[in-house]
Amino acid sequence: MAVAATNLNQSRPVEIRVRFEPGLGMALYAAIRSGEVGPVTVARNLGRGRALLRYHGFTLMAQGVPDWKEGETFPVVVKEVGPPLLLASADAGAKGSRRVTTVDS
């Protein structure tokens, strides 16, 4: 099933911090490079500012998210490999980005 990519909240870029979690950290960090751009998909909206995100084959639980809809996809760039890993909207050159704390689900 294909999902059309959309760029979410162009006016409000997002930064996602991924904490090191056992079972997630090493495999995820080994799969990415600083400056790499890739898609993040909203797998499920859990309500109350929480959502499950899919990135590089990993499921991450995000807290403090904007009003994202299930199935929406947007590009992120790896700002810092970390730990913690810092992902940002690919258009995050704009000021006033909103931070989203993301942890292993």
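Among the contacts here (heavy atoms within 4.5 Å) that link residues at least 6 apart in sequence, 67% join residues at least 24 apart. Keep in mind that this is a predicted model, where local features need pLDDT of at least 70 and side-chain atom pairs count only at pLDDT 80 or more, while totals for chains, interfaces and linings use all residues. Numbering starts from 1 along each chain as its sequence is written, and side-chain values use heavy atoms, with hydrogens and water left out.

On to the layout. The protein has 1 helix and 7 strands, taken as DSSP runs numbered from the N terminus (helices are H or I with at least four residues, strands E with at least two). Read from the N terminus, the order is β-α-β-β-β-β-β-β. Of the 105 residues, 38% are buried, meaning under 20% relative accessible area with a 1.4 Å probe, counting protein chains only (over 50% is exposed, in between is partly exposed). The protein exposes about 5,800 Å², and carbon and sulfur atoms supply 52% of that; the areas come from the Shrake-Rupley method with a 1.4 Å probe, and for residues only the protein chains shown count as cover.

Two strand pairings are worth a look (strands pair if DSSP finds at least two bridges between them):

| Pair | Sense and bridges | Bridge partners | Residue with positive phi |
|---|---|---|---|
| Strand 2 and strand 3 | antiparallel, 5 bridges | Thr-41 and Arg-54 | Arg-48, about 55° |

Now the inside. A nonpolar core is a set of buried Ala, Val, Leu, Ile, Met, Phe, Trp, Tyr and Cys residues joined through side-chain atoms within 4.5 Å. The largest one has 21 residues, and Leu-53, Tyr-55, Trp-68, Leu-85 and Leu-87 touch the most other members. Helix 1 (25-30) supplies at least two residues of this core, as does each of several strands, including strand 1 (14-18) and strand 5 (73-80).

Leaving aside residues up to four places away in sequence, Leu-53 touches a list of residues that includes Ile-16, Val-40, Phe-58, Leu-60 and Trp-68. Leu-87 sits in strand 6 and is buried, at a relative accessible area of 1%. Leu-87 and Val-37 lie 50 residues apart in sequence, with 9.2 Å between their C-alpha atoms.
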